[in-house]
Every structure is written in C-alpha cells, then in structure tokens.
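Please walk me through this structure in the viewer, one selection after another. What should be selected, and what is there?

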Amino acid sequence: MLFVFGCVHECQAICILKFCAPKTFSTRTSFFQMNLNEGAMRNIIFAIFLFIVATTAFAGKMPNFRLQNLDNKTVSYSQLKGKKLTVIDFWATWCKPCVRSIPKLVKLHEQYEKQGVQFIGVNVDGTRNQPKVKPFARSLKIAYPVLFDLNNDLMNKLKVTAMPTLIIANAEDEIVFFHQGYRPGDEKTLEEEIKKLLAAAERADEK
Amino acid sequence: MKNRLFIWLFIFGAGRAWAQLAIGNTAEYQVGNLPFEKPNDLTAFYNQLNLSYQWRDWRGNIKLERFQRPRNDKDYTELTQRSLQYANRNFNLALGNFYEIIGRGLLLRSYEIPGAILENPGQRIRYGFYRDIDGALLKYQSERLDLKLLRGKPLLNTFPPNFAGDLRRRHLVDAVETKLRLIPDWAAGGAYLRDRRGGKLKEYGAVSLSGNLPHEIQLYAEYAQRLGGGNKRFDLSDRSSHAFYTSVNFVAGPFGLSAEFKDYNDFFLQYNDPPPLIKEHPYAVLNRSTHFIEPRNETGWQMEIFLNTAQGHTAVFNWTRADSRPFQKNNRFEEWFAEFGYALDEQTTVKTFFDRSEDQLLFEKNRYAAGLYLEREWPQQLGTSLDLEYQTFTRDFTPSHQVKNYIATMTVSKAPRLSAGVIWERTTDPLQTDNPQTAAAETKPRHWLGYTLGYQFSNHYLINLFYGKRRGGPACTSGICYEVLDFEGLEIRANLTF
C-alpha cells in the first residue's frame, strides 16, 4: 500500500515534469528512467515551485459565473452568493452518490441559511436530462437555487473532475474548501467545516 | 520548447497574485492492457494539466496534454487549449478555445467531461474528453435580451491531439443566436448557423420557445432545419433535413413529471448534440445497454415520473421509445424502467429496480433487468453499500441465444477521505466470451474482478486506484455516451486541484 501511494506521488511530480521537458524523456525508455540533465533539473525546480504554490496559495477565486436557473432565468453568482459563505454542490440526476447526498445538503441549508450560508446546486446533466431536473429537484425538496451548467463550463473553470463535488467560497469569493465524491458521513465533515469558517468569519468581523 | 516557454510566461504572469491562479491536474498511469490483446503489458501514462489565471474580469486558460507509452511512436505533448476570456455583468468575450451551446444543442453543442479520458481504439492513444470550438465568441446577456455571436472550428474528438489540426477541425462555423424575453416567463429564440467545409457551404436556422406556466409547468420547443436545398419551412417529413424537440415538465406536491418528443432527420452535423431522450441510468447493466441516437433519422418519446415522500421513500418510472431507420429498416428501442427506494431508517436505504427493454438495432430482444442496492451508515462516519444487478436478453444470431449478465459491487467508506470497493461481473454473452485472436468460438462464461481504492489526501489531492479486470462497453456521463475499453491490470489516477 505504501508503495502504491509513494508511486502516486512520484507519478504526480513526474507528470508535471514531463509536460515541461518532453525531450528529457526518451519515448523508448520506461517512465522512471529519468535522465537528470540540466533541463530536467530546471523542471524539478518548476515542479517544486508548483508544489509550493499548491500548498501555500490554495484558493482559486470563484468566478462571477452566470447560469440559467430552473425557471430559465439567467442569474449570476454575485446575485446568489451567501453573506458569509457559499456552498456549491455539483450534481447530476444519474449520479447515485450525488442523489444520496442531496437530502443531507437540504438539511444543512435549512440549518445554516439564516447564518449567512447560501447553498447553490449546479446541475451537470447537460441537455439530455434538462427537463427532468426541475421536477427531480422539487420532489427532493431542494429549497436552494439550482443552476444548469450545460456545457460543464463552470465545472471546467473550477477544475472539478469528480461527482459530486462540494466547494465552499468565503465572502471574498476565495475557495476555501474543495471536496470530491460523497461518502456517508461527509455531511458531518461539511458541517464542521461550515462551523469553523463561520467562526473565522465572525472573528474577522469583530476585528 | 514553445510549450515550456508558454507555461513559464503564464506562471510568471500570475506573479503578484497567486490566489488568482488555479491549477487542475489529472494524471493516469496504467500497467496492463485490453484482454486478448498483444503485447499483454501496454503500459501508458496520460496527463492533463489545466492552468487558469484570473485578473479582474480577464481570465487566461491553457490545457496541456501528454501521452506516453514505452516503445511507441504515438506519444505526444500538446498544448491542446489556450484561451483568453473577458466577462463582466453583461458581456462575455472568448478568444481561443471555448465551449458553447445553441438552444438545446440541435445546431451546436460543445462540452467537456472533466476527468474523463478517451482512448482511440485503433491507435490506442489516450486524450481528454472534450469537444471545444477554436475561434471567437461574443455574448451579451440582459434581462430581456441574450445575443450570441461565434465563429470557430469545432473539434472532432474522434481524432487524438497528435493528428493533424486540419483533420480534427474540418468545419468552420459562424453562428448567431438571440433570445428575447418580452413577456414575463416566456422566451423566444432564433439562431442561424453557417458551416463551411472544403468549399461547401451549408446554412441552418432554428427557432425556439420556452415558457413557465402556472402550477410549475414548463414548456420548451425547438425546431431547426437546413436552409435552402429545397427544404420547405417547418417541414417534418423525411424529405427535409430537420430536428424538432419539445418537452413539458411539471411538479405537483411530491410528484414530478417530464415528457419529451424528438423528430430528427438528416441532421448529423458532427458538432451538434440533439437531446437523445434516452434515460441515463446510474446502474451499470442498464447504462451499458444504452441506445446511441441516430440524428440521421430518429423519432421518439420519453416520459418520466418521480415521487419523493417526506419519509425519504422514492419511486421513478420511465418509458422511452425511439424509432430509427439508419439502414432503411425500422429499428425500435423501447424501455420500461421502475425504481423504488425505501428509507428503512435514518441510516439504511434500499433501492430496487426493474427494467424491460428491446433494441432491434442490437438484435436484443426480451431484455429484462433487475437490481438491488443497499446502503447503510455506521457510527464513526463509516458507510457500506452493496449493489447487485442482473440482466438477461435473447440475441438470435450468436451461438448462445440467451445472454445473462451479473454485477455485484461492494464498497466500504470512511468519510471524509477513504473508500474501497470490489466489483465482480460475469457474462454469458458470446460477443464477450469469444477471444477474437483464436479461430474457435469460446462460449465459457467470462468473469471480471476488480478492486478500487480512493483516498482524498486533502482539499488538493485525490487518488484513485484500480486493480484487476474491468469490463468495457458503452457508458454515458453528463449526457454524452462513449465507448469504454476493457482493461486488465493496475491503474492509478491522481487528481490535483488548487
């Protein structure tokens, strides 16, 4: 197991290296036979640089996207965002874990809406299931806005690669939480995160 | 060298505001191959790096893809996307690669399925799953008017990135779309598209109407057709190149209903994606038996009813029918699907489904499927699930007429980081049991056993591991269907997002 995870990290670093230095890798050798020449060294520095950015400057910014809601009206993120936090859930009707997680999100939304936390559902079913989404959302009693990301454009902008994905943005639109997939009990982690971020927001307000 | 310079410029361009830089990276390493293929070990590495930098209303994006396979001359490193976008309250401008849709996709739809990797079966080259447009887009959106102007070359994603660009982008498309909302809750739209390919010019037009009626009823209708060429306006006969799509949905208390109709004839433009009206199933046996639409000639219906009670019980009923004539012969696809979910208590959910279908195009008759899905939450954020699925159908032309498919999946999870699972499949399908490398027709049932492990290290890293045998076949994600190849071996996927 340790080998596997170690290997994964190695792959990750190498993948970044290889993008930048295709010539340092012979196409006729195995992936791990690296020739650490000057070019490769430069790219190791580049990979370390990316790693430092990843660990120190997390938080892409939430773009002020404009998408269609369930009533065919175009709304923007700035119109919908919460006073303190905005929780965005990427989901689809065909995605089993997404559907399992929605009732838990509906409860959390009821619980934290008055504290300045706004939930937004982003449906990525595409045009194939578009007419089903409103009845589906209503029957699941989703009280927060649900928007259509028909081309997966927003999903792409936010680098979402798995379903469902939960993103929390703070009042400054900084992405402060990013969680992929749903496992039973994830809602507890999400609630803890919301509490922690609300407390941080209150401390910032007091200052 | 050019690619490397571009990345360095991009990163240093981000210089003073790191928080505005977003990076997404998907790396997949495979040791193994397709079953029955030689050599057995066809190790492959695929990586996709997406970088975005936002500065005020401007955003720059690049996508770099790399594919590598030892002893293979099909490796590539390509800067497959680069774009500059501007967005303010009303205007959107994109130069370079972008995604856009006209109406419901009858005329044009570009998309990306983030995280999905395509493999070209002939060349065995892997690449990202997207169909973008390379060109320019200008959009204006206001309360009463939407206006869209675009010009560009849509990608034909059947070809991998290392194929010549002119082969991958053969069409030059100019399009304009407007949507007017003069009456509250109603919108009327119109679109014009001009396609130039190799000196040939084709023109298309579309009109659409959407409305919200009282009692949560929604209507949508869109008609698109080729202009000129002897086509009569709003002709729905087989003599005209047209696509007509309409839908209605409504909600009444815990009930929801949607109904759709399609009529497509001679409307395969290569960059359009008309709604298929085929249910996208979360169950593997049904997802694999999906019907690929035929925009050259297909009509059909789909109806779905949902029920979700306050106690957490659910019911879904779906009826789908599609009649296509790709080879001047009528082929019918018809499906009846029912799913019931019971919330036994706060921690336990049971779902069952029943499905009956037939697909004349695939010569599959009396296709029955049933399944049971059981999920239980345990203390300490532990979760377990069990998924059992069975399918049987008859196919006349293969040696064994009666085909049976079985799937059993068990997963264990510990929120918020870990999940692990076992997937077992068995089939008696002669198209699957036969080894194409031998002269004999093998009919011995075939099994697939695979193990999965997923671990989210932090907000930034997600690792997925697969070991064993995986059955391929058609699959649909976000409404797009594609062919997944079989796999046998070890697969490690790492996602990095920040």
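Two strands count as paired if DSSP finds at least two bridges between them.

**Stop 1: the hairpin.** Select residues 473-477 and 480-484 of chain B, which are strands E28 and E29; the two pair in the antiparallel sense over 5 bridges. Across this pairing, B:Pro474 stands opposite B:Glu483 of E29(B). The hairpin has 2 residues between its strands, and B:Ser478 there takes a positive phi near 50°.

**Stop 2: confidence in chain A.** Colour chain A by pLDDT. Its average is 77, and 71% of the residues score at least 70. Residues 1-40 of chain A have a pLDDT below 50, although this stretch has 59 contacts in the model beyond near neighbours in sequence. Where pLDDT is low, the predicted coordinates should not be read in detail.

**Stop 3: the interface.** Show both chains. The contact between them involves 91 residues of chain B and 74 residues of chain A. On the side of chain B that touches chain A, strand E1 (residues 21-33) gives the most, with 8 residues. That side of chain B is made up of 39 nonpolar, 37 polar and 15 charged residues.

**Stop 4: helix H5 of chain A.** Select residues 130-139 of chain A. How many residues of this helix are buried? The count is 10 of the 10, so helix H5 is largely enclosed by the rest of the structure. Charged side chains are on the list of buried residues too: A:Lys132, A:Lys134 and A:Arg138 are among them. After the helix comes A:Lys141, with a positive phi near 60°.

**Stop 5: the nonpolar cores.** The largest nonpolar core has 107 residues, and A:Ile167 and B:Leu107 touch the most other members. Strand E2 (residues 44-55) of chain B supplies the largest share of this core, 6 residues. Centre the view on B:Leu107. Leaving aside residues up to four places away in sequence, B:Leu107 touches B:Ile102, B:Ala191, B:Leu193, B:Tyr204, B:Ala206, B:Ala224 and B:Asn272. Finally, select B:Tyr283, B:Phe337, B:Phe353 and B:Ala369, which belong to a second, separate core of 8 residues. In soluble globular proteins, nonpolar side chains tend to be buried together.

Notes. Residues are numbered from 1 along each chain as its sequence is written. Chains are lettered from A and ligands numbered from 1 in the order in which they are written. This is a predicted model: local features need pLDDT of at least 70, side-chain atom pairs count only at pLDDT 80 or more; totals for chains, interfaces and linings use all residues. pLDDT is the predictor's confidence in each residue, from 0 to 100. Two residues are in contact if their C-beta atoms, placed from the backbone, lie within 7 Å. Helices (H or I, at least four residues) and strands (E, at least two) are DSSP runs, numbered from the N terminus. A nonpolar core is a set of buried Ala, Val, Leu, Ile, Met, Phe, Trp, Tyr and Cys residues joined through C-beta atoms within 7 Å. A residue is buried if 20 or more other C-beta atoms lie within 10 Å of its own, exposed if 12 or fewer, and partly exposed in between; C-beta atoms are placed from the backbone.
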